[in-house]
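Work through the exercises below with the structure in view. Try each task before reading its solution.

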There are 4 protein chains.
Amino acid sequence: MNVGIYGASGYVGGELLRLLLQHPQVTVTAAISVTYAGEYVHRLNPNLRGQTDIIFEKPNIGNITEKCDLLFTATPHGVSSTLISQIYETGIKIIDLSADFRLKNSDDYPSWYGWAHKSPELLQKAVYGLPELHRQEIRNADLIACPGCMAAGAILALAPIVRSGKIEKDRIIVDVKVGSSGAGAKPSRSSHHSEHYSTVRPYKPVGHRHTAEIEQELGLLIDDEISISMSAHAVNIVRGILTTCHTFTTDVVKISDLWRLYRGFYKDEPFIRLVRDRKGIFRYPDPKVVAGTNYCDVGFEIDDRVKRVVLLSAIDNLMKGAAGTAVQDMNILMGYDEQEGLRSLGLHPV
Amino acid sequence: MNVGIYGASGYVGGELLRLLLQHPQVTVTAAISVTYAGEYVHRLNPNLRGQTDIIFEKPNIGNITEKCDLLFTATPHGVSSTLISQIYETGIKIIDLSADFRLKNSDDYPSWYGWAHKSPELLQKAVYGLPELHRQEIRNADLIACPGCMAAGAILALAPIVRSGKIEKDRIIVDVKVGSSGAGAKPSRSSHHSEHYSTVRPYKPVGHRHTAEIEQELGLLIDDEISISMSAHAVNIVRGILTTCHTFTTDVVKISDLWRLYRGFYKDEPFIRLVRDRKGIFRYPDPKVVAGTNYCDVGFEIDDRVKRVVLLSAIDNLMKGAAGTAVQDMNILMGYDEQEGLRSLGLHPV
Amino acid sequence: MNVGIYGASGYVGGELLRLLLQHPQVTVTAAISVTYAGEYVHRLNPNLRGQTDIIFEKPNIGNITEKCDLLFTATPHGVSSTLISQIYETGIKIIDLSADFRLKNSDDYPSWYGWAHKSPELLQKAVYGLPELHRQEIRNADLIACPGCMAAGAILALAPIVRSGKIEKDRIIVDVKVGSSGAGAKPSRSSHHSEHYSTVRPYKPVGHRHTAEIEQELGLLIDDEISISMSAHAVNIVRGILTTCHTFTTDVVKISDLWRLYRGFYKDEPFIRLVRDRKGIFRYPDPKVVAGTNYCDVGFEIDDRVKRVVLLSAIDNLMKGAAGTAVQDMNILMGYDEQEGLRSLGLHPV
Amino acid sequence: MNVGIYGASGYVGGELLRLLLQHPQVTVTAAISVTYAGEYVHRLNPNLRGQTDIIFEKPNIGNITEKCDLLFTATPHGVSSTLISQIYETGIKIIDLSADFRLKNSDDYPSWYGWAHKSPELLQKAVYGLPELHRQEIRNADLIACPGCMAAGAILALAPIVRSGKIEKDRIIVDVKVGSSGAGAKPSRSSHHSEHYSTVRPYKPVGHRHTAEIEQELGLLIDDEISISMSAHAVNIVRGILTTCHTFTTDVVKISDLWRLYRGFYKDEPFIRLVRDRKGIFRYPDPKVVAGTNYCDVGFEIDDRVKRVVLLSAIDNLMKGAAGTAVQDMNILMGYDEQEGLRSLGLHPV
């Protein structure tokens, strides 16, 4: 199958290139970048040196629909919606990695993103591309909205316990620690190495936009409203998100209950690993362990004394948090083996 | 004044040496280390090269009381209580940096530390050495129990809002991110560079011992029970703790209220800075900024939508979280200028 | 084929496990560890969680020869020679990752390693397992001595120019920067995160043992003596070695000469990439780019003014510097595709 | 004394602010920044929060000469020469931290910097501000040219042995490892955290401009030409330079000779420490140890086998490599205690 990447010169685009160039059923026929058109792909992605001669090209919509059966759009928020509304009618399959089609309620765009959605009719057609919750719909989708990286981590940590109904729905804290690649490839003062190294910076203690997706998806699980209290911190790593969710139980919950709940929910999921070990130094999820993989490691712990359950997840924000899930979605959509192109293991140590 | 340090070869001991060697009113007359007796101090503390010829010496209690007017004990938990019960009667002033005299209720030791306290009578005589809460008692103390590093960060972030009575007392989340020096100088698998670099490791999601101190001290502020939900994470820095406290209001709280509350509570405190900026990349506390200083930077934010208030603090765990507060306590106790020896600024960038 | 790993619980052993578990022609039938016998492999190698149920087992030589067609020995220097002399006669193929069979002249062991070699007769039978120099001999070897990590980086950077005869043979500086995993999995003060983070530590400015291998192998290329001036520095990364070789020309050398020389030498090598770009930020080799891969990136630059040629190489010390080359050797020895099991790309960014 | 800083918003400017705000004999009367005029100094320098209310101001030459007795210029290369030629005649003392007045021979500017010097007559009046070589001239200077950071590290490592005449003058390798702050405060792709973290990047293997200063200053010591072979690498730290100098002896040199040579050369120098320990993990200079201080730690080692002497130095590029030396120069010039404002120790661990 021929696929294109629109917005190929960002970090998510580069990660898509890495995955798709190694995917046996796929040929990358277009790597589109406004900024870097004419440049070799390996100039920005040194890991691909010797693997490909692809050159970034300028956007040309006629060209795309001709050259590609499926298009990944990794464009800035607000750009995707315009672009996709132009090409949706051509019947090309689209997997969008921006936020533009994640929220079902078009009113959420003004309140969370600050702009009115230009193609609200497409919102209902878009499928929220988290396979663990929407595999069946992904199979039949024309337009898939890949989850936000922090949303993916939080939803996967929380979904089983939320659905169980055993926690307070309005006291769910999502405390996120994220690496610098989450802020993208564009240099800025806050991402300058001298400023970012050794930092533990609470860059969005309240009001993070991914909150909206998390509330939407977890709410759907119980057909009720849920409220998420989210804070995001930048830490001194490049790839990875650790999500610590603090919840309070409405009933007695034991560790064995949690094992049963999480094992049941994720029993056939190829990319979820439950991590709660009694020995060693790797007792809980850690983004260091999943870097470069499509795994979401999920763990939990009970704090009886205060009726708290802590849910933990670790993902690579560029993989399970973006490009990895996008390729997983493509595999589902096309009927390929769901793990195709996503089998490489993490490194240790690293 | 002549001071000694018992347990001088650990990281807290080394930090005490750095501070005390530069303190104009103090002479270090004993640097006691069981393990490194006979070794030059600068072999373990390369920053002190050229500053001192002190050699670590073996413990000898008779010697200590002769050579020192004041003793800092930076010994492992459980060791201090035995040691201090032996020397307390000699009238030497003691500033203990272990956990052994922090808790007032001797029953808390078996439940949080796993051993029965051997000198419970001394617990009532000990003063919890957090100047911002107990300055007056510190002035007259014989035995000061320096706060745990994470306890210091959490208490200073929470004290004003807890005392205000405006938050739920049983839904207080303390999410801690701490650097590797918090685990001490002794090598182990978890602190091995190859294992710790790039980690975001939830090493104590529930049951952290500092919880007991935090509940005790915040409870005293309102003469009521309070329950703390604490989780500790190791991150890829050496010095520093960022504490993110998530709380839920029982009443309407505005940013101006928080400013008034925190400014009022900390108005004369030399080592508290309130950090909440509207511009730039340093809008909230960050341990990177306070490394090497005795500052506790405190910030806050309101999440109206879910009635949450987020309280943030950043400290250097070896300074405000240990040696810095210990020296501040000494200054108060001896009637010196409270900032003496603690004025050096942080670096930027670093 | 059934393979065993002796010394499987170290970092090199863990990397062999990762590679071999994914290798289609190989089954790992023994993961031997004295220290961790009885422990699940994934307890030490969290990246292998969910990939294998292998448990470390105690050494038992009879067992090994029964269960394995080929044995990788990743034991400490001095241990391998004793072990291998015991099993060599059983006809099992051996790929040794220690230094014990790298040097041809048994006199070099007392002078560089401080002990007399116990099986000097095997030294002549061992093949130095650097495919780029000894592919033909590796095909027919019974015992392969994998190069030292720093030796691999230095030899691959220098071999073409040394063989060209265009540089002074006694003014070759090899300035090495290596990550913490090069020091192994065993915790120590120097590898403690608090001590190693942010360091640039010249830990072996003179006398590094890999010097002997480098002189041996480069000398063989020109059938003459060569002298290497090597200094090794520890830097704040986990995986990777950057080697900067400073040499002085005896003749006029132009960049086009170097391109011709290096392209010619490495033209069919699957794991050598020449990196010298005129644009972008990835103009020269960088270990960050090759982490997790078996590539050795090689670059060069000319300093006309002082008749200097700088040769640069970047490898992952656990891959091309150890386990990767060992698997490449196995592929050659067994007649498999040389790249089998070694195709995964590096990550960017990381 | 009233001092101004022109170019106060860069990292060197920020470091000057930190030092000068704490200097008892100095008042900062102007912090000039074209880009950040109107902004609080602590917005860019969070370590100065609570220490000062200074606001960056626009440049105004009339103003400067009125408000300042001494001006530090920390402007980009090429800017300083124009600026200083305008204010030199006003008699204000100037300490320039750019490269514009470091080289004595105006022909060196076109060849190393690519532009012709506009005030060549001032080059002879400028004093190269390395106190260890030019203390006497600094005392009487009107215009001081602070050394480049890499030049300072290399010259201090090499000066004693070069002057001794015991090494080959044309085989001196200077292999530099430098932190990200050396590249300044302006964000760029190469300094982006995701790209710079974990890097060991040979960014200038040949042709680094500081070579010219090093050759000039070392040549002056022996009144002869000397040639330096320099390569610069970016490493994953913020502050600090480790310089490894590889030299070859023309005569027998023993360790005791080096001790005598270096002790003699630096015997009264307050900011040089000789570091060569036989035990522990801090045997040689390491930039981690001197971060935030004005120390240059110098060490050495002999490689008898190949007649090599390795000279090592570690500095903080913003301190001894820039602002620290500038303040030291000011102290000498003004007759203050040479260590005033420069006494703070490094941290350990950090």
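Buried area is the accessible area that two parts lose on being put together, summed over both. The model used here is predicted.

**Exercise 1. State how much area is buried between chain B and chain A, and which residues of chain B lose the most.**

Solution. Start with the total. About 4300 Å² is buried between chain B and chain A. Carbon and sulfur atoms give 59% of that area. Now take the side of chain B. Here B:R171, B:V200 and B:I281 lose the most area to chain A. Together they make up 14% of what that side buries. Finally, count residues. Chain B brings 53 residues to the contact, and chain A brings 53 residues.

**Exercise 2. Find how many salt bridges cross the interface of chain B and chain A, and check one of them.**

Solution. The count is six salt bridges. One pair to check is B:K177 and A:D175. Their side chains are 3.0 Å apart, N to O. The cut-off is 4 Å between a side-chain nitrogen of Lys or Arg and a carboxyl oxygen of Asp or Glu, so this pair qualifies. Last, look for the element of chain B that gives the most to the side touching chain A. That element is strand β9, residues 228-235, with six residues.

**Exercise 3. Classify two aromatic pairs by the angle between their planes, then decide whether each residue is buried or partly exposed.**

Solution. Over all chains there are 34 aromatic pairs. Take A:Y113 and A:W115, with centres 6.1 Å apart and planes at 50 degrees. Planes under 30 degrees apart count as stacked and over 60 as edge-to-face, so this pair is tilted. Next come D:F265 and D:Y266, at 5.0 Å centre to centre and 70 degrees. That angle is over 60, so the pair is edge-to-face.

Now test burial. The limit for buried is under 20% relative accessible area. A:Y113 has 5%, so A:Y113 is buried. A:W115 has 23%, so A:W115 is partly exposed. D:F265 has 15% and is buried. D:Y266 has 5% and is buried too.

**Exercise 4. Name the residues that ring pairs link into a cluster in chain A, and locate an arginine over the face of a ring in chain B and in chain D.**

Solution. The cluster holds A:W259, A:Y262, A:F265, A:Y266 and A:F300. In chain B, B:R273 lies over the face of B:Y295, 3.8 Å from the ring centre. In chain D, D:R273 lies over the face of D:Y295, at 3.8 Å from the ring centre.

Key:
Residues are numbered from 1 along each chain as its sequence is written. Chains are lettered from A and ligands numbered from 1 in the order in which they are written. This is a predicted model: local features need pLDDT of at least 70, side-chain atom pairs count only at pLDDT 80 or more; totals for chains, interfaces and linings use all residues. Side-chain values use heavy atoms; hydrogens and water are left out. Rings of Phe, Tyr and Trp (its six-membered ring) pair if their centres lie within 6.5 Å; planes under 30 degrees apart count as stacked, over 60 as edge-to-face and the rest as tilted. Buried means under 20% relative accessible area, exposed over 50%, partly exposed in between (1.4 Å probe, protein chains only). A charge sits over a ring if NZ of Lys or CZ of Arg is within 6 Å of the ring centre and within 35 degrees of the ring normal. Contact means heavy atoms within 4.5 Å. Buried area is the accessible area (1.4 Å probe) that two parts lose on being put together, summed over both. Helices (H or I, at least four residues) and strands (E, at least two) are DSSP runs, numbered from the N terminus.
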